[in-house]
Amino acid sequence: MQAKILLPAIFGAALMLGVPATQAVERFEIDPTHSNIFFLVEHLGYSRMVGQFQDFSGVFVFDTQDPGSGSVEVAIKTASVDTDHDKRDDHLRSPDFFNAAEFPEMAFKSTSIEVTGDKTGKITGEMTLLGVTKPITIDVTFNKLAPHPLPQYNGVVVAGFSGRGSLKRSDFGMKTFAPALGDEIEVWLEIEGHKS
Amino acid sequence: MLLDDPMFQVGFVPLLVAFGLAAFIRIIGGPERGPRLMGVAAFIGFLLAYALFEGVPPFPPPASKQKLFYLVVLAGAAGFALDLTGRSASLQRSMRMIFPGLALLWLAWRQLAAGVALAELATLAALWGGGALALWRLERAETEGGGLSAALMLIVAALGLAGIAAMGSSLSLALLAVALAAAAGGVALWGYGVWLVKATRGPFGATTQFGGGSALLGLAYILVLFTPQASRVALLLLLLVFFADMAASRLRSGNTLRSRALGPILFAALAAVPALAALGLATLISGP
């Protein structure tokens, strides 16, 4: 769940990695139709349940000359949690978990970006969930930065990243049925951003 | 491990702790102070169950469910102070009017500060009024039928609330309501034993009225304000539980052991009628 916030951060970091030197500082808006924020939660030790958030937005700033100076900001609507099961989604929106009526949004704001390889990096930032703000770090991989090939996109420059991270939900006060329902949440991010 | 089992945490632990503490306080406090202060057992039983199930929340608590813990601490402590000082009637009256409002303010402060629409104000006013009504009815039940009647009303209402919360997709709120019922049940069991053996009606106490009452109101408020899946109509219907003493007053009969044994059971059954109706309604609304 918290993974949603992390994904944008990862994208931001990726943008800073492996980008052609001709690029300057650019601002990108996350394209929600081609971006996904997934989370995986252990279910009683049997398997891992996969969910995602359907409604999120965010921007990242990328300087190809100085990737570490970039930034990422993401906001996720907690009520948009989706595990492909209506009753379970209602439960996830309740005060047991995301408490969507009381905390309709969670957010991530990067504080630093560390380049670790040609196309990899770590984005560290402040994640706010259930009124609690904690630092988290996402490993990101830069995939591609190029104009969109389809004509209807009018040549908009698109940046794509993948991210992986994890967090402990209990750190944010989401303790219901932990650890029977996993406390450690794995987060997978697949993000595309359009240059704005 | 047994202590990690949620049902053990919210069922067995508060029941056993409240029963044991009630016995301890009765013995240590003597025949005069003991029954008056026994309500603290339910208060501590609930808080212990909360701490086991949810953990002790941080202070200041960011979420309403965490705020509930401190609301109960404050309300129970205020009730205990009342019990210790002889329960001034005017102070108790003021507290039962003010406390539901304070509870709402505490639980929904962030939303209130952001501004509320007229319809939301009406909801808040209804919640305040409903809360004050429930606390007043608990007090009346104690006056008319003794502490056991009030405790049974609190237990049945808490179990009804647990069912509505479960139907409304919040199992943790449901289990906290079960913890409240179990904690009040521990004290009620002691009161039932005393009633059977000595035919003495013990007090409910301001600690249980405000500690237990604020837990019930807090859970109901969180359901109404932050759990859209929970049926508000069912919660409104649940308020009728607090009028069970009025119907039960017609059933009171002799003072034989048999009638004393059956009396509280019949009372609980009467109180359960609106609770079951509320649960049925919640089930119909929530669907399969």
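**Figure 1. The largest nonpolar core of the predicted model.** In this predicted model, the largest nonpolar core holds 106 residues. Within this core, the residues with the most contacts are Met153(B), Ala158(B), Ile164(B), Ala177(B) and Ala179(B). Helix 8 of chain B gives the largest share of the core, 18 residues.

**Figure 2. The surroundings of Ala179(B).** Leaving out residues up to four places away in sequence, Ala179(B) touches Val10(B), Pro14(B), Phe46(B), Ala49(B), Tyr50(B) and Phe53(B). Phe46(B), Ala49(B), Tyr50(B) and Phe53(B) are listed among the buried residues of helix 2 of chain B.

**Figure 3. Helix 2 of chain B and what covers it.** Helix 2 of chain B runs over residues 40–54, 15 residues in total. From its first C-alpha to its last it reaches 21 Å, close to the 21 Å expected at 1.5 Å a residue. How many of its 15 residues are buried? The number is 12, and the helix is mostly covered. Among the buried residues are Val40(B), Ala41(B), Ala42(B), Phe43(B), Ile44(B), Gly45(B) and Leu47(B). Their cover includes helix 1 (6–37), helix 3 (64–84), helix 8 (171–198) and helix 9 (206–226) of chain B. Just after helix 2 of chain B comes Gly55(B), with a positive phi of about 85°.

**Figure 4. The two faces of strand 8 of chain A.** In a regular strand, side chains alternate between the two faces of the sheet. Strand 8 of chain A spans residues 120–129 and has one covered and one uncovered face. Gly121(A), Ile123(A), Gly125(A), Met127(A) and Leu129(A) make up the covered face. On the uncovered face are Thr120(A), Lys122(A), Thr124(A), Glu126(A) and Thr128(A).

**Figure 5. Strand 8 of chain A and its pairing with strand 7.** Strand 7 of chain A (residues 105–115) pairs with strand 8 of chain A in the antiparallel sense, over 8 bridges. Glu126(A), on the uncovered face of strand 8, stands opposite Lys109(A). A hairpin of 4 residues connects strand 7 of chain A to strand 8 of chain A.

**Figure 6. Strand 8 of chain A and its pairing with strand 9.** Strand 9 of chain A (residues 132–147) runs antiparallel to strand 8 of chain A, and 10 bridges join the two. Met127(A), on the covered face of strand 8, has Lys134(A) in strand 9 as its bridge partner. The hairpin of these two strands has 2 residues between them. In this hairpin, Leu130(A) takes a positive phi near 55°.

Key: Residues numbered from 1 in each chain as written. Chains lettered and ligands numbered in written order. Predicted model: local features only at pLDDT ≥ 70, side-chain atom pairs only at ≥ 80, totals over all residues. Buried ≥ 20, exposed ≤ 12 C-beta atoms within 10 Å, placed from the backbone. Pairing = 2+ DSSP bridges. Expected span 1.5 Å × (residues − 1). Contact = placed C-beta atoms within 7 Å. Core = buried A, V, L, I, M, F, W, Y, C linked by C-beta atoms within 7 Å.
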